[in-house]
Amino acid sequence: MYHIIRLALALLPVMLTVASATAQMRTVYQGETTELSIEQQAGDSYTWDLYNDPSVNFATVDGNAFDSEAFFVAGNTGPTVNVTWLKPGIYFYRVLAVDEEGCTNNLKVGRIEVLEALPTAELATNEICIGDAGFISVTLTGTPVWEITLEATNEAGDVTDVLTYTVGENDSNPFDIQVNPTETTIYRVTGLKDKYGNNLDPSESVTLTVHPLPVNSKIYRVTQ
């Protein structure tokens with residue numbers, strides 16, 4: 001009974017301050033892994049919980065977030081834990097500290113907003129002479145595996161080619177795409193999908209300039 005009363009008294013002021021404590025919101029991105037930590041106090045052990053519903057009583061209800069939304073990478077105990085956030089939304093975390101006698105002497109609540117993380121592509125290219133191979137360098141953000149749709153248009157605005165590629169976690173980033181245009185061509189990524197999202201407007205366009213070869217001319221013998 002003594003421990004129950006002590007626990008109730010310890011939780012009462014915490015419940016009164018939960019609103020102000022959760023007002024400070026941290027922002028992360030979908031697919032990101034972040035560290036949550038608290039200062040270690042001698043003799044205390046710590047347990048963390050994640051919530052997707054702010055209406056519950058954090059002092060008495062265990063975490064209710066699903067593993068498909070967010071999960072602890074290597075367990076939910078200790079002064080420092082790592083969480084991977086999988087689904088956009090607003091979440092709450094609680095850390096419960098228990099001393100050597102089994103009494104709760106600390107409770108901390110925080111709020112996390114998980115933003116949708118759309119992948120992006122940044123393009124770069126070079127100039128070539130007609131008949132030479134050109135390269136489109138694609139620098140990607142996001143989480144592999146990526147699926148890229150690359151569109152090629154001529155200077156008149158006509159679509160001349162649509163190319164698709166898959167880039168895995170073991171592929172280089174930037175990812176180089178070999179192209180063989182016969183005229184100056186504009187390239188743009190029109191679709192980019194990664195593990196967590198699909199961006200239908202992921203890049204600016206780049207122009208690969210194709211220079212013509214010198215015009216052949218007759219060689220005349222010079223008479224001395």
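Across the whole structure, a search finds five aromatic pairs, where rings of Phe, Tyr and Trp (its six-membered ring) pair if their centres lie within 6.5 Å, and planes under 30 degrees apart count as stacked, over 60 as edge-to-face and the rest as tilted. One of them joins Phe58 and Phe92 in a tilted arrangement, at 5.4 Å centre to centre and with 35° between the planes. Because Phe58 sits in the loop between β3 (45–51) and β4 (70–72) and Phe92 in strand β6 (residues 89–98), this pair ties together parts that are 34 residues apart in sequence; strands (E, at least two residues) are DSSP runs, numbered from the N terminus. Phe58 and Phe92 are both buried, that is, under 20% relative accessible area, with exposed meaning over 50% and partly exposed in between (1.4 Å probe, protein chains only). Together with Tyr51, Phe58 and Phe92 make up one aromatic cluster.

The model is predicted: local features need pLDDT of at least 70, side-chain atom pairs count only at pLDDT 80 or more, and totals for chains, interfaces and linings use all residues. Residues are numbered from 1 along each chain as its sequence is written, and side-chain values use heavy atoms, with hydrogens and water left out.

Turning to the salt bridges, the structure holds three, each defined as a side-chain nitrogen of Lys or Arg within 4 Å of a carboxyl oxygen of Asp or Glu. In one of these, the closest N and O atoms of Asp49 and Arg94 are 2.6 Å apart. Asp49 belongs to strand β3 and Arg94 to strand β6, so this pair ties together parts that are 45 residues apart in sequence. Arg94 also meets Asp62 in a salt bridge (3.9 Å, N to O). What burial do the two partners show? Arg94 counts as buried at 3% relative accessibility, whereas Asp62 counts as exposed at 55%. Arg188 and Asp201 form a further salt bridge (2.3 Å, N to O). Through shared partners, salt bridges join Asp49, Asp62 and Arg94 into one network.

What about the nonpolar packing? The largest nonpolar core has 21 residues, of which Ile136, Val138, Leu140 and Tyr187 touch the most other members; such a core is a set of buried Ala, Val, Leu, Ile, Met, Phe, Trp, Tyr and Cys residues joined through side-chain atoms within 4.5 Å. Strand β11 supplies the largest share of this core, four residues. A second, separate core of 18 residues includes Val81, Val83, Tyr93 and Ile112.
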